[in-house]
Amino acid sequence: MIAIQLALGGLASQDVYGACEQWQTEHEECNQNLQTVCSMGANTSRLYSALAQTLRSSQYDQAEEYPDQAVDVEPIDPDCLLEECKEMLRNRPPRPHRTFKLPGSQSSKYPPIRVMQWNILAQALGEGKDNFIQCPQEALNWAERKYLILEEILLYRPDVLCLQEVDHYFDTFQPALSSLGYHCTFYPKPSSPCLDVEHNNGPDGCALFFNKDRFELLDSTNIRLIAMMLKTNQVAIAQTLRCRETGHIFCVAVTHLKARSGWERFRSAQGSHLLQSLQSITEGTSIPLLVCGDFNAEPSEDVYKSFATSSLNLNSAYKLLSSDGQSEPPYTTWKIRPSGESCHTLDYIWYSQHAFNVDSLLCFPTEEQIGPNRLPSLSYPSDHLSLVCDFSFSDEPDRLL
């Protein structure tokens, strides 16, 4: 058996943070050598040996406004990596079984575009700040938790992957997903709370990945969100892609808005700034749009209503799971902290309803499947559930305008 060791985490956290910190300096390029300081292990596979060698020799040289974070790595077979994830997790309880619901009929002659939205829980926050009092400490061990995250991604094989709270980008997600054929982009928070945690792995942020075989990158924009005329600690990435099969052009964005109650007006202002930015990028409704994110907002909040009533003609895909097609799921995150149990709907996939059809949606696990200790757990790596949606281009893109 090929023993793939995901001790990709061979980068010193200070080196990763150094790269991110320099990247945030306005209009400066950074050139930070990423050094591998930990052994990949005696049983490292040929595939990950290639990754390790790439990490030792690569340099980080990115411009803030247009990051091209290509990594020259040897391709990895996704089925092989999935089997290795399962092998590494063989002593953990089974993962919740989730099924797809088909609200629409997929009639396009082209494969649908599968989009995955997921707040994966920053490792530093999970271990050092979030205080999940019912979660066993061993469930948060990065040496295994990263396999749970990769297994979830490999299980659903998204064409577009939008992640929040990514603090192991350079040592895990960029090399692993690059080897699987994804274009990778990362935008860290300017002042990440992860940096307050001892032995952190650098700042967390948003990451956007897309399948290079299916899409061509036309434009990429990093957005530092503004609220009340002030730059905030929250960010977004927006990329314009061309579908190689159909020639269709569309924009995909990922974001993570300010957390906690009492910040509703702040989130609303951030959402307004993001909508204005996307309005400019997409030229109104000329370019179809997909927006994924942890909005930290229930559907009752103004920021949700702003997206639902925007001139961009957006709809929330997961409403289609409800019987009337008008209600969001009862939860996308479920956790227990010292303050009590927290069960909320905060995560969304928005789409241009005039340009896309929703072909299928991944249903959420039941309360029984999640279990009494809630999330995260030994069987699920994050306090947020992943959202997965299959889209196809509409044959009548102006029908709902």
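Questions and answers on the model follow.

Reply: This is a predicted model, where local features need pLDDT of at least 70, side-chain atom pairs count only at pLDDT 80 or more, and totals for chains, interfaces and linings use all residues. Residues are numbered from 1 along each chain as its sequence is written, and side-chain values use heavy atoms, with hydrogens and water left out.

Me: How many helices and strands does the chain have?
Reply: Helices (H or I, at least four residues) and strands (E, at least two) are DSSP runs, numbered from the N terminus. By that count the chain has nine helices and 17 strands.

Me: What share of the 401 residues is buried?
Reply: Buried means under 20% relative accessible area, exposed over 50%, and partly exposed in between (1.4 Å probe, protein chains only). Of the 401 residues in the chain, the buried share is 58%.

Me: Is H3 parallel or oblique to H5?
Reply: Axes are lines fitted to C-alpha atoms, for helices over the stretch in contact, and angles run from 0 to 180 degrees between N-to-C directions. The axes of H3 (residues 78–88) and H5 (residues 142–156) come within 9 Å and cross at roughly 140°. Angles under 35 degrees count as roughly parallel, over 145 as roughly antiparallel, 65 to 115 as roughly perpendicular and the rest as oblique. So H3 is, relative to H5, oblique.

Me: Which residues of H5 make the contact with H3?
Reply: Contact means heavy atoms within 4.5 Å. H3 contributes Pro78, Leu81, Leu82, Cys85, Lys86 and Met88. From H5 come Glu144, Tyr147, Leu150, Glu151, Leu154 and Leu155.

Me: Which side chain makes a polar contact with the side chain of Asn119?
Reply: Asn119 sits in strand E4 (residues 113–119) and is buried, at 0% relative accessible area. A polar contact is a pair of N or O atoms within 3.5 Å; within protein, one must be able to donate a hydrogen and the other to accept it, and residues adjacent in sequence count only if both atoms are side-chain atoms. At 2.9 Å, the partner is Asp294.

Me: Is Leu121 buried or exposed?
Reply: Leu121 lies in the loop between E4 and helix H4 (123–128). Its phi is positive, about 75°, although Leu121 is not a glycine. With a relative accessible area of 1%, Leu121 is buried.

Me: What is omega for the cis peptide bond that joins Leu375 and Pro376?
Reply: Pro376 belongs to the loop between helix H9 (367–370) and strand E17 (387–393). For the cis bond from Leu375 to Pro376, omega is about -10°.
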